[in-house]
Amino acid sequence: MTPPRAGDGGSLVVVGTGIRPGHLTQETRKQIERADEVLYLLAELAPTSWIHQLNPSAESMIDIYGPGRDQREVYEELVERVLGRVRQGKNVCMVTYGHPAVLDDSCHEAVRRARAEGYSAHLLPAVSALDCLLADLGVDPGRDGLQLFEATDFLLHRRTLDVSVPLVLWQISVVGETRTTGSVNREGLSLLADRIEELYGADHEVVIYEATPFSVGRPTIERTSVRELASAPIEGLSTLFVPALSKPEPDPAAHEALKQIWP
Amino acid sequence: MAQKRFIHEFLNELEINEELSELFDEDPAAAMDSYGLDADQQELIRNGTNQEIRAALKQEMKTHIAFVIRMG
């Protein structure tokens with residue numbers, strides 16, 4: 001890590017709140033409490049009073065997220081607002097939803113840019129939507145493996161899959177979107193469904209999942225077929241879980257080789 | 001007439017009011033009664049999906065903000 005610039009002060013720590021307030025880790029709580037300034041961007045309507053209670057300087061950046069804005073402009077503005085405070089010599093805590101290292105260019109870029117300018121900057125782990133999915137759907141990635149792709153990336157790069165391994169596709173509500181939006185892109189979802197059908201067949205069951213961001217209520221777990229996916233009830237924060245289509249093929253040669261080293 | 005209480009305020013209060021949070025964990029109905037939520041609101045909190053709760057919050061807060069485009 002680049003050492004802080006002598007005499008300039010200023011530092012950045014990027015933290016995630018998890019999916020709901022109860023997910024806050026102790027180290028994240030401490031960072032929020034100790035920061036000179038807290039700048040946060042949480043998902044939609046989740047409660048935020050607790051952040052202001054932890055640190056009265058807390059300031060929302062939701063004003064940057066106006067509808068119809070180019071996402072790259074939004075990310076740039078988020079990064080520059082945070083870096084602006086660091087450059088003023090403040091110890092800044094940037095707070096975001098979920099895990100700050102997962103699907104958040106602004107968090108990675110803020111850390112990268114702060115370090116490039118000579119400030120101390122780091123990012124802490126947090127509970128991600130994937131962690132909630134594993135718990136709520138009872139999936140163990142250590143048993144069958146797990147493939148993860150951002151949905152638009154999955155389509156654009158025609159990613160190669162192993163259909164014997166479960167698949168998670170993120171951001172299925174905004175396939176092909178380059179602007180902030182408050183609605184689901186059904187055309188993009190339809191293209192995604194076509195590609196999944198090529199790989200898994202129309203009758204394969206998939207799960208539309210959303211962790212609950214509230215301290216009450218239940219997660220959304222909707223099971224549907226690939227055929228019905230394009231018209232299924234998708235929300236802005238929905239994630240798609242595609243169970244494996246088949247069992248993995250055993251490798252007799254590896255089995256024999258391992259037998260030689262087993263006691 | 002008692003002032004109408006809102007679900008979004010209750011959720012915020014749950015996060016910052018330890019006493020209310022503990023009561024909610026032990027006896028959700030008593031916690032919601034003490035806060036002044038009506039029967040429909042209590043039913044939503046008891047059995048609602050996150051989509052139904054979100055819809056109610058949007059109505060209360062009269063907001064249609066853009067998604068924060070990431071699910072991380």
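This is a predicted model: local features need pLDDT of at least 70, side-chain atom pairs count only at pLDDT 80 or more; totals for chains, interfaces and linings use all residues.
Chain A is split into two domains, with domain 1 covering 11-123 and domain 2 covering 129-242. The centres of domain 1 of chain A and domain 2 of chain A, taken over C-alpha atoms, are separated by 26 Å. Where the two domains touch, domain 1 of chain A supplies 16 residues and domain 2 of chain A supplies 16 residues. On the side of domain 1 of chain A that touches domain 2 of chain A, eight residues are nonpolar, five are polar and three are charged.

Chain A contains an open sheet of five strands in the order β3-β2-β4-β1-β5, with parallel pairing. The edges of this sheet are formed by β3 (59-60) and β5 (120-123) of chain A, each of which pairs on one side only. Strand β2 (residues 37-41) of chain A is joined to β3(A) by two bridges in the parallel sense. In this pairing, A:L39 lies opposite A:E59 of β3(A). Helix α3 (residues 71-87) of chain A packs on the sheet, where it touches β1 (11-16), β2 and β4 (91-96) of chain A. The direction of helix α3 of chain A makes about 175° with that of β2(A).

A further set of pairings involves strand β7 (residues 167-170) of chain A. From this strand, A:L167 and A:L169 point one way, while A:V168 and A:W170 point the other way. All four of these residues are buried. Strand β6 (residues 147-150) of chain A pairs with β7(A) in the parallel sense over four bridges, and A:F149 stands opposite A:L169 in β7(A). Between β6(A) and β7(A) the chain passes through helix α7 (residues 151-156) of chain A, and this β-α-β crossover is right-handed. Strand β7(A) is also joined by three bridges to strand β10 (residues 239-242) of chain A, and these two strands run antiparallel. The bridge partner of A:L167 in β10(A) is A:V242.

Chain B has five helices and zero strands, and its pattern along the sequence is α-α-α-α-α. Of its 72 residues, 32% count as buried. Among contacts in chain B between residues at least 6 apart in sequence, 46% link residues at least 24 apart.

The contact between the chains takes 25 residues from chain B and 42 residues from chain A. On the side of chain B that touches chain A, the elements giving two or more residues are α1 (7-16) and α5 (50-61) of chain B. Helix α5(B) gives the largest share of that side, with seven residues. By class, the side of chain B that touches chain A comprises 13 nonpolar, eight polar and four charged residues.

Helix α1(B) has the buried residues B:I7, B:F10, B:L11, B:N12, B:L14 and B:E15. Within chain B, the buried residues of α1(B) pack against α2 (18-26), α3 (28-35), α4 (39-47) and α5. In chain A, the buried residues of α1(B) pack against α2 (49-54).

Conventions
Residues are numbered from 1 along each chain as its sequence is written. Chains are lettered from A and ligands numbered from 1 in the order in which they are written. A residue is buried if 20 or more other C-beta atoms lie within 10 Å of its own, exposed if 12 or fewer, and partly exposed in between; C-beta atoms are placed from the backbone. Two strands pair if DSSP finds at least two bridges between them. A crossover is right-handed if, with the strands pointing away from the viewer, the path from the first strand over the helix to the second runs clockwise. Domain bounds come from an automatic or database domain assignment. Two residues are in contact if their C-beta atoms, placed from the backbone, lie within 7 Å. Ala, Val, Leu, Ile, Met, Phe, Trp, Tyr, Cys and Pro count as nonpolar, Asp, Glu, Lys and Arg as charged, and the others, Gly among them, as polar. Axes are lines fitted to C-alpha atoms, for helices over the stretch in contact, and angles run from 0 to 180 degrees between N-to-C directions.
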